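Reader: I have a chain on screen and some questions about how its parts meet. Can we go through them one by one?

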Amino acid sequence: MEVFYYVVFGALAAVVAGLELGKSGKDRVATTSAFNSFKNNYVLVYSLMMSGDWLQGPYVYYLYRQYGFDKGDIGRLFIAGFGSSMLFGTIVGSLADKQGRKRACITYCISYILSCITKHSPEYKILMIGRILGGIATSLLFSAFESWLVAEHNKRAFDPQWLSITFSKAIFLGNGLVAIVSGLFANLLAENLGFGPVAPFDAAACFLAIGMAIIMSSWSENYGDPSESKDLMAQFKVAAKAIASDEKIALLGAIQSLFEGSMYTFVFLWTPALSPNEEDIPHGFIFATFMLSSMLGSSIASRLLARKLKVEGYMQIVFSISAVTLVLPVVTNFLVPASSVKGGGISFGGSLQLLGFCTFEACVGIFWPSIMKMRSQYIPEEARSTIMNFFRIPLNLFVCVVLYNVNAFPITVMFGMCSIFLFMAAILQRRLMVVSDLHKSSTKAQEMIGEDEPLNP
C-alpha cells in the first residue's frame, strides 16, 4: 500500500489525539454518576449498532461487483434500500412512537441481521430482499435510538444541556473510533485473512446480536404519545401538522434532507471517483481514514457544544465548506490530466480528491451531534420518530433519483449537484437561525409583558 495513505491517516490521527488530550475545563461539563452510567450504556449500545452498519460499508459495492453485477444493477440494489427506507420509514417511525422505542430498536437488530444473512446468496432477488430489510433497519437506526435517548434522558430529569455530551460521545465513538476499527477489521477479514467480502457481514450480524441482548436486558420502554385513541394515520397527521405549522421544523427537515442526500450519494460515488481507471485502492483503509476524519469533526463539535456556541451559526460555515469539498472532483476533472494507465496506484487527481473527501467527512462528523442537538430542541416529543422519518422521505427520494440515473450522467455532474444542495443547506441554515432568534425574542417579550401586568384583585 502506498505511503500516501499512511501519511494522511497518521496526520489525521495526530490531530484528533491532540484535540482530545488538549481539552481544557471550558471543553468539559460537570455531570453526575447516574448520568454517566446512563450515557455509557447508551454509547455502548449505539457503538455496537453502528459497528454492525460500518462493517458492511466498505464491501457492499465490492461484493455486488464480485457477484458479477454492473454499475446499473448495483444502482438498482441501492435504490431498493433507499426506496424501502422512504416507503416504510414513516410507518416504522410511527410504530416506534406508538408501540415503543425499545421494541423498535430490537426490530432494527433483527431486520439488519436478516439483511446480513442474504449477502451469502449471489441471487439478485435475494440480495434485493436484503436491501429492502436494510432500508427498514436504516430508518430505525436514525430515528428510534435517538428518540429513545431523548425521552429517557428527559424522563430521568437530567440536565437538558447534557444531551449534547451523549450525542458527541456517541458520534465520536460510534461514527468515529468504532467505524475506523470496523473498516480495518473488515479489511482484515476480507483481504488479509482471505475470508472474502461476505465475512464482514457475518461479523456485523454478531455485533448486532450482542447489542440486542444488552437492549433487552438493560433498557426500559418509552413512547411518544401512548394514548389509545391515536392510530397510525393520526400519528401521520400530528407529524405533518407540526412540520407545516412550525417553520423551524420544516427548515430543519429540509437541511437534513439536503445534507444527508448528498452524503449518501457520496457513499456510492467515492469508490468510482478515486479509481476511474480501475486503480488499485485499499477500500477498507480509505474507509477507515474517512471515519478518522469524521472522528475529528465530532471532536470539534464536542468543543463547540461544550462552549455553548450557537449551533445554527457555526453550521452555516460547515455546510459551505462541505459544498466546496464536493465540487473538488469537478475542478480536478478539468484542471488535472487523467491517468491513461489502467490499474496501478491512485493518481494525483485522486490524491487531491481524497484530501477533499476527508474534509467532507470531518464536516459529517460535526453535522451529526449538531443536527441531533437541533432536533432535540425543535421536534415535539409526542411524534419524534415519525417526524424524523418524514424528514428522510425527500432525502431517500433524492438518492433514488440519483442512483436510477447513475449511468445517464457523468460522475462530475452528480458531485456538482451535491455541492449545489449543500450550498442550499447553508442558506436554509441561515434562515433557521433568523427564525429561531425571532421566536426567542418574541417569547421573551411576551414573558416580560406577563410579568409587568398587575395582579387581579
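Reader: Which residues does isoleucine 106 touch, not counting residues up to four places away in sequence?
Author: This is a predicted model, where local features need pLDDT of at least 70, side-chain atom pairs count only at pLDDT 80 or more, and totals for chains, interfaces and linings use all residues. Residues are numbered from 1 along each chain as its sequence is written, and side-chain values use heavy atoms, with hydrogens and water left out. Contact means heavy atoms within 4.5 Å. Leaving out residues up to four places away in sequence, isoleucine 106 touches Met212, Ile215 and Met216.

Reader: Is isoleucine 106 buried or exposed?
Author: Isoleucine 106 lies in helix α5 (residues 101-118); helices (H or I, at least four residues) are DSSP runs, numbered from the N terminus. Buried means under 20% relative accessible area, exposed over 50%, and partly exposed in between (1.4 Å probe, protein chains only). Isoleucine 106 has 17% relative accessibility, so it counts as buried.

Reader: How far apart in space are isoleucine 106 and glutamate 221?
Author: In sequence, isoleucine 106 and glutamate 221 are 115 residues apart. In space, C-alpha to C-alpha, the distance between isoleucine 106 and glutamate 221 is 11 Å.

Reader: How is the protein chain divided, and how far apart are the C-alpha centres of the domains?
Author: The chain splits into domain 1 (40-223) and domain 2 (230-444). These bounds come from an automatic or database domain assignment. Contacts join 52 residues of domain 1 to 46 residues of domain 2. The C-alpha centres of domain 1 and domain 2 are separated by 19 Å.

Reader: Which residues is tyrosine 108 in contact with, leaving aside its neighbours within four places in sequence?
Author: Tyrosine 108 is among the core residues that touch the most other members. Apart from neighbours within four places in sequence, the contacts of tyrosine 108 are Met49, Asp53, Ala137, Leu140, Leu141, Phe145 and Leu208.

Reader: Which residues are linked with Glu152 in a network of salt bridges?
Author: A salt bridge is a side-chain nitrogen of Lys or Arg within 4 Å of a carboxyl oxygen of Asp or Glu. Glutamate 152, buried at 2% relative accessibility, pairs with lysine 155 at 3.3 Å, N to O. Arginine 156 also forms a salt bridge with glutamate 152, with the closest N and O atoms 3.2 Å apart. The network links Glu152 with Lys155 and Arg156.

Reader: How many residues apart are glutamate 247 and arginine 431?
Author: Glutamate 247 and arginine 431 form a salt bridge, the closest N and O atoms being 2.9 Å apart. The pair links distant parts of the chain, from helix α11 to helix α17 (residues 411-452), and the separation is 184 residues.

Reader: What is the phi of alanine 157?
Author: Alanine 157 is found in the loop between α7 and α8 (163-192). At 67% relative accessibility, alanine 157 counts as exposed. Most residues other than glycine have a negative phi. Alanine 157 is not a glycine, yet its phi is positive, about 60°.

Conventions. A nonpolar core is a set of buried Ala, Val, Leu, Ile, Met, Phe, Trp, Tyr and Cys residues joined through side-chain atoms within 4.5 Å. Helices (H or I, at least four residues) and strands (E, at least two) are DSSP runs, numbered from the N terminus.
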